[in-house]
Amino acid sequence: MKARRVMAILISVVFMLTGCADNSSNNSSAEVVQSEPATTNDVKQEYQADVVVIGAGGAGMSAAIKASDAGASVVILEKMNYAGGNTTRAEGGMNAAETSYQKALGIEDTVETMIKDTMKGGKEINDPELVKYLAENSAETIDWLTSLGMDVSDVGQGAGATFPRMHRAADGSKIGGVLIPKLMENLEKRNVRILYKMKAVELIKDGDFVAGVIAEDEDGNKLTFKANAVVNAAGGFGANEAMYAEYRPDLKGFETTNHPGATGDGIVLAEALGAATVDMDKIQTNPTVEVTTQTVISETVRGKGAIFVNQEGKRFISEMLTRDVLSAEILKQNGKFAYLIFDQRVMDSMAALQEDYEKGLVTKGEDVADLAQALGLDATVLADTIASWNTAVANNKDTQFERNTGMDEDLSLAPYYAIKVSPAVHHTMGGIKINTLTQVIDRSGNPIQGLFAAGEVTGGVHGANRLGGNAVADIMVFGTQAGVESSKFALSKGKLELILPEAKQAVIPSTPGNFKDGVYEGTAQGKEGDIKVHVEIKAGNIVNIEIVELHETAAIFDGVKRELLPKIIEKQSTDVDAVSGATLSSEGVLQAVDQALASAK
Ligand code: ADP
């Protein structure tokens, strides 16, 4: 502890002497040193921004963009070495009502219907004010996403929705894979930094006001980020088995679809300041999680016509019922799994399914009998099941299970496909209590001044069960609102100039190296495809590595760019460790650089 304290003070001294913190002036450094944080903790005041955001998921990033656009200085603290959180894994789309895209398609949805559907899906225990705000502001938020450069014009049917209102990526990709890179691009445009491996460990108060965050860096140093407002967007707790099993003992031992950072830190931090929580035991399992990789298969597949069959080759439920009902029913089947069955038409309509196929998650049969054989099912029973389903589609009447949506077209275009799915912990509906201004509410029912929260860390929007498409709606609608309200609050208290730790830079050796000067190209296989690099050699040393072709997930590759490339330059060698959580991408880069260096010897 003592050593850390000395280290923190030393860092402060360095900043005082050099004034080298990003976007800062010597004046502001002096100001910071004078104003000691109002905390009992022994950490030295070092950095500051008008608004500090905890968590670089969809909610945190959209809050940061909005706060920056409102004139606030902003920083995002992210505990992982990549951005995107659970948002990266979002599959389907964003629910919104009365949007221009719906109108263009002649869909007569209303805000009122979206409210009713969301309340019904949530078993009427949702916070009605939050649901009303969600639905009323959903169309405007779609326009905002469009203004950031996203095309979510493909409107589809989600389970539990009366009308098609799930706004999906126009190219059929998984929404998270499109949303996160776009938000990151927009943060970069505004010079809003994400500080990685920076874990928020405590919220600081100054009297009645939240005054900043204490965070721990990768070396265990504690840093103070002073702020006039804090946005807690640290996500849910679906990757914290001890925590979800505490609230729901029946989920002990369940797999999860969540990224490893979803450990509920944000809830613990807010509770320590007296925040109230709601619906903590309301934990959603997603019914369609591929059994070997825990990849979520979007309900859009069912919306486009897919059916479930069990090991007997038979349907057993209306596939468009809510997630809780479907999960429970799948667990009642033999082996506790189901096959999601679809045809070439469905496959052709979804880039996401083609990705899943390439990853080996999908079984293919040239015809129904071939598929049945591949799955070990009775071919006659499976053929009968598909034939009866096609009759139900033709008559627009599912006499067996009364499914009444996602049956516009039948399953008659061979080849046929199947994905083996079972339920896994997916979304924690409960969390910190907020109002429609995204202020965090304490256990006496009053707002905690200066503390805002949005996204999966909060509770109340989804009630007992979240509808597909409402997670992205939640993080975007309330994330943007948190950005607007936190910056308004922060700026009303005065302006804090941005003072941040320096970004790490690669150190190029000062002595000449042994490579031949020039620019060399190398290509190797990454996780998602080829990675091509250009390696620049000057005075015999590697001085720059540029990625010129890339198919990796942007939010994960961000860590490789930030960490691996500087390491190679510093060591002048590819004999460096892969970035944890991005091993295959790291190896791709290392091999591509090796290939380039082979020509530079
Ligand atoms: P949402 O969907 O609400 O935006 P996400 O799961 O997408 O939630 O993002 C939450 C982000 O918060 C994740 O990237 C996660 O790693 C990050 N996070 C969680 N706990 C902390 C913490 N203590 N400090 C900083 N970041 C955190």
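A residue counts as near a molecule or strand if one of its heavy atoms lies within 4 Å of it. With that in hand, here are my notes.

1. First, the ground rules. This is a predicted model, in which local features need pLDDT of at least 70 and side-chain atom pairs count only at pLDDT 80 or more, while totals for chains, interfaces and linings use all residues. Numbering starts from 1 along each chain as its sequence is written, and side-chain values use heavy atoms, with hydrogens and water left out.

2. Now the ligand. It has 26 residues around it, and the closest are Glu78, Asn86, Thr87, Asp265 and Glu456. By type, the shell divides into 10 nonpolar, 11 polar and 5 charged residues. (Ala, Val, Leu, Ile, Met, Phe, Trp, Tyr, Cys and Pro count as nonpolar, Asp, Glu, Lys and Arg as charged, and the others, Gly among them, as polar.) α3 (58–69) and β8 each supply at least two residues of this shell; helices (H or I, at least four residues) and strands (E, at least two) are DSSP runs, numbered from the N terminus.

3. Some polar contacts to look at (pairs of N or O atoms within 3.5 Å). The side chain of Glu78 puts an N or O atom 2.6 Å from an oxygen atom of the ligand. Backbone N or O atoms also take part: one of Glu456 sits 2.8 Å from a ligand oxygen, and one of Gly58 is 3.1 Å from a ligand oxygen. Taken alone, the ligand exposes 580 Å², and the protein buries 99% of that (Shrake-Rupley areas, 1.4 Å probe).

4. Asp265 turns up again in helix α10 (residues 265–272), where the buried residues are Asp265, Gly266, Ile267, Leu269 and Ala270. Buried here means under 20% relative accessible area, with a 1.4 Å probe and protein chains only. Their cover includes β8 (199–206), α9 (241–247) and β18 (431–433), judged by contact, meaning heavy atoms within 4.5 Å. Just after α10, Gly274 has a positive phi of about 95°.

5. Last, strand β9 (residues 209–216). It is largely enclosed by the rest of the structure, because 6 of its 8 residues are buried. β9 runs antiparallel to β8, with 7 bridges joining them; strands pair if DSSP finds at least two bridges between them. Lys199 stands opposite Glu216 of β9. The β8–β9 hairpin has 2 residues between its strands, and Gly207 in the turn has a positive phi of about 65°. β9 also pairs with β10 (residues 222–226) in the antiparallel sense, over 5 bridges, with Phe225 as the bridge partner of Val213. That hairpin has 5 residues between its strands, and Gly220 in the turn shows a positive phi of about 85°.

Key. Buried < 20%, exposed > 50% of the residue type's maximum accessible area, 1.4 Å probe, protein only. Polar contact = N/O pair within 3.5 Å; in protein donor to acceptor, adjacent residues only side chain to side chain.
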